[in-house]
Amino acid sequence: QLQASGGGLVQAGGSLRLSCAASGGTFSSYVVGWFRQTPGKEREFVAAIKWSVGSTYYADSVKGRFTISRDNAKNLLQMNSLKPEDTAVYYCASYKYGGRNHQTWESYDYWGQGTQVTVSS
């Protein structure tokens, strides 16, 4: 089970840090990703990390502004230079390594509950 936290309300240009923890386990051998969703739209890939090697991947829309990282047993998503269009519910998710596309939400087996990020203009 995944626990996501850290969302909130911030002005455009500000920063937030999201955290995702696996209760009762670790992310070893997993890909951990973040997705976001707004009403009426499909879940959108934001960033992912292959836990054991630290390889990171980003959507073009967040590249250079967001950073995904590992901190002991937690996955962190540092979001800087936030824009109103970043407003969404953010979900962390994971799956075990093996031939899947980390950019598609269907690849992920485990999901957190979602945390709201609101960026005001």
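Reader: Let me start with one cysteine: is Cys-92 buried or exposed?
Author: Before I answer, please keep in mind that this is a predicted model. Cys-92 counts as buried, because its relative accessibility is 0%, and buried means under 20%.

Reader: Which residue does Cys-92 form a disulfide with?
Author: Its partner is Cys-20, and the two sulfur atoms lie 2.2 Å apart. The pair links distant parts of the chain, since Cys-20 sits in strand 3 and Cys-92 in strand 9, 72 residues apart. Cys-20 is buried as well, with a relative accessible area of 0%.

Reader: What kind of bond is a disulfide, in general?
Author: A disulfide is a covalent bond that joins the sulfur atoms of two cysteines. In this model the count comes to 1 disulfide, and the link of Cys-20 and Cys-92 is right-handed, with 65° about the S-S bond.

Reader: OK, new topic: how many residues are in the largest nonpolar core?
Author: That core has 34 residues, and those with the most contacts inside it include Trp-34, Val-46, Phe-66 and Tyr-90. Several strands each supply at least two residues of the core, among them strand 4 (30–37), strand 5 (44–50) and strand 9 (88–96).

Reader: And what is Val-46 in contact with, leaving aside its neighbours within four places in sequence?
Author: Its contacts include Trp-34, Phe-66, Leu-77 and Tyr-90, and Arg-36 is also one of them.

Reader: Where is Arg-36 found, then?
Author: Arg-36 is found in strand 4, and it counts as buried because its relative accessibility is 6%, where the limit for buried is under 20%.

Reader: What does the side chain of Arg-36 make a polar contact with?
Author: That contact is with the side chain of Tyr-90, at 2.9 Å. The side chain of Arg-36 also meets that of Asp-86 in a salt bridge, at 2.9 Å from N to O. This pair links distant parts of the chain, with Asp-86 in the loop between strand 8 and strand 9, 50 residues apart from Arg-36. Asp-86 is buried too, with a relative accessible area of 0%.

Reader: How many salt bridges does the count come to?
Author: The count comes to 5 salt bridges. One of them joins Arg-100 and Asp-109, at 3.0 Å from N to O. Salt bridges that share partners also join Arg-36, Glu-44, Arg-65 and Asp-86 into one network.

Reader: Last one: is Asp-60 buried or exposed?
Author: Asp-60 counts as exposed, because its relative accessibility is 67%, and Asp-60 forms a salt bridge with Lys-63, with the closest N and O atoms 3.1 Å apart.

How values were computed: Residues are numbered from 1 along each chain as its sequence is written. This is a predicted model: local features need pLDDT of at least 70, side-chain atom pairs count only at pLDDT 80 or more; totals for chains, interfaces and linings use all residues. Side-chain values use heavy atoms; hydrogens and water are left out. A nonpolar core is a set of buried Ala, Val, Leu, Ile, Met, Phe, Trp, Tyr and Cys residues joined through side-chain atoms within 4.5 Å. Buried means under 20% relative accessible area, exposed over 50%, partly exposed in between (1.4 Å probe, protein chains only). Helices (H or I, at least four residues) and strands (E, at least two) are DSSP runs, numbered from the N terminus. Contact means heavy atoms within 4.5 Å. A disulfide is a pair of cysteine sulfur atoms within 2.5 Å. A polar contact is a pair of N or O atoms within 3.5 Å; within protein, one must be able to donate a hydrogen and the other to accept it, and residues adjacent in sequence count only if both atoms are side-chain atoms. A salt bridge is a side-chain nitrogen of Lys or Arg within 4 Å of a carboxyl oxygen of Asp or Glu.
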